[in-house]
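Student: I'd like a close look at one part of this model. Could you take me through it slowly, with the cut-offs as you go?

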Amino acid sequence: MTPPPPKPPLPRRTAKIQEAVDARDSLAAALSSAGIQLPAMDVRTPWPDTEGNGDARPARYALVHLGVCSAPVAHALAAVIRSGAASDR
């Protein structure tokens, strides 16, 4: 059996990646203060393009991945959003 091909190198931490990490951490803190935890939150980037010599280019963007949650957590999240939206009016 042949081993799987190696994964491409991880992207270097750019300003876009740092911005997404900061946003994820801020959202996690806000949710935590409302009693909600999304345990699968992560920052995702596309695998970097590589030059012909194998050097990876920095990722051009990063996304905050919220992951999956149970139905009770989704209901709690909806309630918190509704409550905040109602108080902003």
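Student: Which exposed residues does the face of helix 1 turned away from its buried side carry?

Tutor: That face carries Ala15, Glu19 and Ser33, where exposed means over 50% relative accessible area, buried under 20% and partly exposed in between, with a 1.4 Å probe and protein chains only. A word on the ground rules: this is a predicted model, local features need pLDDT of at least 70, side-chain atom pairs count only at pLDDT 80 or more, and totals for chains, interfaces and linings use all residues. Residues are numbered from 1 along each chain as its sequence is written, and side-chain values use heavy atoms, with hydrogens and water left out.

Now the other side of the helix. Its buried residues are Ile17, Ala20, Val21 and Leu31. Looking down the axis of helix 1, you find them within an arc of 100 degrees, so they line one face; the arc is that of the directions from the helix axis to the C-beta atoms. They pack against strand 1 (42-44), strand 2 (63-65) and helix 2 (71-87), with contact meaning heavy atoms within 4.5 Å. Helices (H or I, at least four residues) and strands (E, at least two) are DSSP runs, numbered from the N terminus.

What about length? Helix 1 covers residues 15-33, and at 1.5 Å a residue its 19 residues should span 27 Å, which agrees with end C-alpha atoms 27 Å apart. That expected span is 1.5 Å times one less than the number of residues. After the helix comes Gly35, with a positive phi near 80 degrees.

Leu27, Val64 and Leu66 make a nonpolar patch of about 200 Å². The areas come from the Shrake-Rupley method with a 1.4 Å probe, and for residues only the protein chains shown count as cover.

Val64 is in strand 2 and counts as partly exposed because its relative accessibility is 32%. Leu66 sits in the loop between strand 2 and helix 2, and at 39% it counts as partly exposed. Leaving aside neighbours within four places in sequence, Leu66 is in contact with Leu27, Leu38, Ala40 and Met41.

How values were computed: Patches are made of residues with over 30% relative accessible area and no salt bridge: like charges are joined within 9 Å, nonpolar side chains (Val, Leu, Ile, Met, Phe, Trp, Tyr) within 5 Å. A salt bridge is a side-chain nitrogen of Lys or Arg within 4 Å of a carboxyl oxygen of Asp or Glu.
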